[in-house]
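Here is a short report on one model.

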Number of protein chains: 2
Amino acid sequence: MVSVAIMGHGVVGSGVAEILLTHKQKLFSSLGEEIYIKKILDLREFPDSPIADRFTKDFEEIISDLEIRVVVEVMGGLNPAYDFVKRCLTAGKSVVTSNKELVAAHGAELLAIAKEKNVNFLFEASVGGGIPIIRPMSQCLVANNVNEVAGILNGTTNFILTKMIEEGMQFEDALKLAQELGFAERNPAADIEGHDACRKICILASLAYGRHVYPEAVHTEGITKITLDDVKYAEAFGCVIKLIGRVKKLENDMLDIIVAPMLVPNKSQLANIDYEFNGIMVRGDCTGDVVFYGKGAGKLPTASAVVADVVDCCKHLKARKYLYWADGDGKNVISYADSVSKMFVRAACTSEEAQGAFGKITKIAENDGVLVFATEELRFGEFEEKAKQLEVLSAIRIGDL
Amino acid sequence: MVSVAIMGHGVVGSGVAEILLTHKQKLFSSLGEEIYIKKILDLREFPDSPIADRFTKDFEEIISDLEIRVVVEVMGGLNPAYDFVKRCLTAGKSVVTSNKELVAAHGAELLAIAKEKNVNFLFEASVGGGIPIIRPMSQCLVANNVNEVAGILNGTTNFILTKMIEEGMQFEDALKLAQELGFAERNPAADIEGHDACRKICILASLAYGRHVYPEAVHTEGITKITLDDVKYAEAFGCVIKLIGRVKKLENDMLDIIVAPMLVPNKSQLANIDYEFNGIMVRGDCTGDVVFYGKGAGKLPTASAVVADVVDCCKHLKARKYLYWADGDGKNVISYADSVSKMFVRAACTSEEAQGAFGKITKIAENDGVLVFATEELRFGEFEEKAKQLEVLSAIRIGDL
């Protein structure tokens, strides 16, 4: 029997407890011994829970319990999660978390403590919810140089964009609907401003390239400025607009990492990932493109990924999984101004004016004095400079996906 | 240093040697020690190889070499691969294979030997080439009851069908092109008759449900009878035709497993998997649908999956990975006649005659005395019985995918 504790009994935490209880026999078969929930930490009361007697409001009861070998952190946020996780690892307990904010902010430090203490710090659920991505990527990484990782990493924004694309719904209406359906928080800033996707691409980039990339180093744009006109003309150009988190390794070993809305060509495997689904593409030098698709959030998908990690920890109580990256200083990340792509532009100008600014352009449409066009590839800094010559209504990167 | 041997220096085998040599430093970082190719078994001569001195034609040199701890089998076919692999495992060497025929025919026996000898028998590359699927599925399995696994498992047939769908190419022409491009063997029977896909769905079913399902127990249809008319009317019905390998767990715990061309609705994630690509959908009770996509074959994709397994074996020389299923007697598989689906039918009949035979139908088209329609759900045995009343030109299952 392995005793575990769960810190947090919200959506994911209650799902973890539920799966550990309902899939008990299956887990026993897989592991060869029972996983016993000894404590659940939450400040609220859950008198109707079948294991109501195991709830505690006191973290000290968990940290001081030597029988508890694995701790699940599903509280979210940095405080007190960071402090609690650090103390658990330092005390020689393995930790499983779904908390992308924590991993993106402190992953390198926590992995280093786990390594030193010879315990595991696993976070499969922090990216892509129920989609296996951290383990498969580790696998791809072994025999591949990963050239690029790109994904639709946030279900809320993807739901909103899909509603705009499929039903011509306005951004605000689609956001409201997402909130009503429970896909978006009451305060949706972390989603729609791209911060959630940013944390996830930081985790994937750190894993892929072995050094921590902190969110502060990543240029991040949300989807709040995307209009139905953008959606319509993107379609005329054979593309859909998706919020993409992407990291590319350049020839000089620098990373080009960004979170931004991008035009994704219809033929891309990422173009058909709709509504609340996530999709992650890993480009390896040997495998070529490999894509992982599924529900990127939600109680049971996320909880099932947490439980798989818990089982892995229980199997490897005395051996570390090979999941590690070193700390990073951001010096391996290029400025977003140096990132190169084609741009999709709507501007109140003529073709001649657009050509005057950008040289060769591909005209997409012209209506009521507004020209819609695509530029050739150029540095974003160069684009911004040249765009000053025109009255630009919107400018979106065209993804090479 | 871990010494390995590679049996077979064909497409995949030479790729494995290439990756082990070119990604040497990366593999060393991951494993913490060197992987040394001590022997390569092949009856041919490779005087230009940088490691030409390590080739042998004699299996006994490998089996008797106590330093060789991991053996890669990439010869293909059952003979002598089965005998060689069995002897390697019995001798306490871990084995990695990409040989789906071998795993589908003898997986349970070889896994049992591996278990007894406390070594690993890994075969990530046997399904989906470079797509990580065996490991992620094991992961999904831990905390999920898998209700269904369905996939496009054969790149050759998918290439042919895509050419028929996208370019209106005839089956024979598309096959010839696939052969010219190296996607199809000179003797393409194993691909186009569905046997290759059958082996792969057998492996996935065995893994998902814990008991070996042998290819003989699986009703298998190829794509040789698919016509451009089928393709055209499928499109009119909002579907594409794909060769699908599928296993479903029924409520009575019996398996409904089949390989057959199916109509896949355009909105399905499997509909957009084109050309030589593979895609595999795993339906878990907690995760929902998870889809894995990538190149299902080819030298480097397949070899990179083999190398990932080799590294895993080297890491776990003294500990088994939890990959296992018991033998099976086929009694948990229902007859294909009892499998239920909607059917897409082209028949030389009137609507009234079709309704007379099948009751409620959905009419898709009617042209020159030929009616194209979809039935409601029914047992395949029932369909065959009722279809006798009509002059049926073609009948294809409609996938619930």
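Is B:Ile361 buried or exposed? B:Ile361 counts as buried because its relative accessibility is 13%. Buried means under 20% relative accessible area, exposed means over 50%, and partly exposed lies in between (1.4 Å probe, protein chains only).

The model is predicted: local features need pLDDT of at least 70, side-chain atom pairs count only at pLDDT 80 or more, and totals for chains, interfaces and linings use all residues. Residues are numbered from 1 along each chain as its sequence is written, chains are lettered from A and ligands numbered from 1 in the order in which they are written, and side-chain values use heavy atoms, leaving out hydrogens and water.

B:Ile361 lies in strand β14 (residues 361-367) of chain B. Helices (H or I, at least four residues) and strands (E, at least two) are DSSP runs, numbered from the N terminus. Leaving aside residues up to four places away in sequence, B:Ile361 touches B:Ser351, B:Ala354, B:Gln355, B:Leu371, B:Phe373 and B:Ala374. Contact means heavy atoms within 4.5 Å.

**Helix α5 of chain B**

A kink of about 80° in α5(B) is centred on B:His106. The bend at a residue is the angle between axes fitted to the seven residues ending there and the seven starting there. The expected span of a helix is 1.5 Å times one less than its number of residues.

| Item for α5(B) | Value |
|---|---|
| Residues 100-117 | 18 residues |
| Distance between end C-alpha atoms | 22 Å |

At the N-terminal end, B:Asn99 caps the helix: a side-chain oxygen lies 3.2 Å from the backbone nitrogen of B:Glu101. A polar contact is a pair of N or O atoms within 3.5 Å; within protein, one must be able to donate a hydrogen and the other to accept it, and residues adjacent in sequence count only if both atoms are side-chain atoms. Just after α5(B), B:Asn118 takes a positive phi of about 55°.

**Chain A against chain B**

In contact are 41 residues of chain A and 40 residues of chain B.
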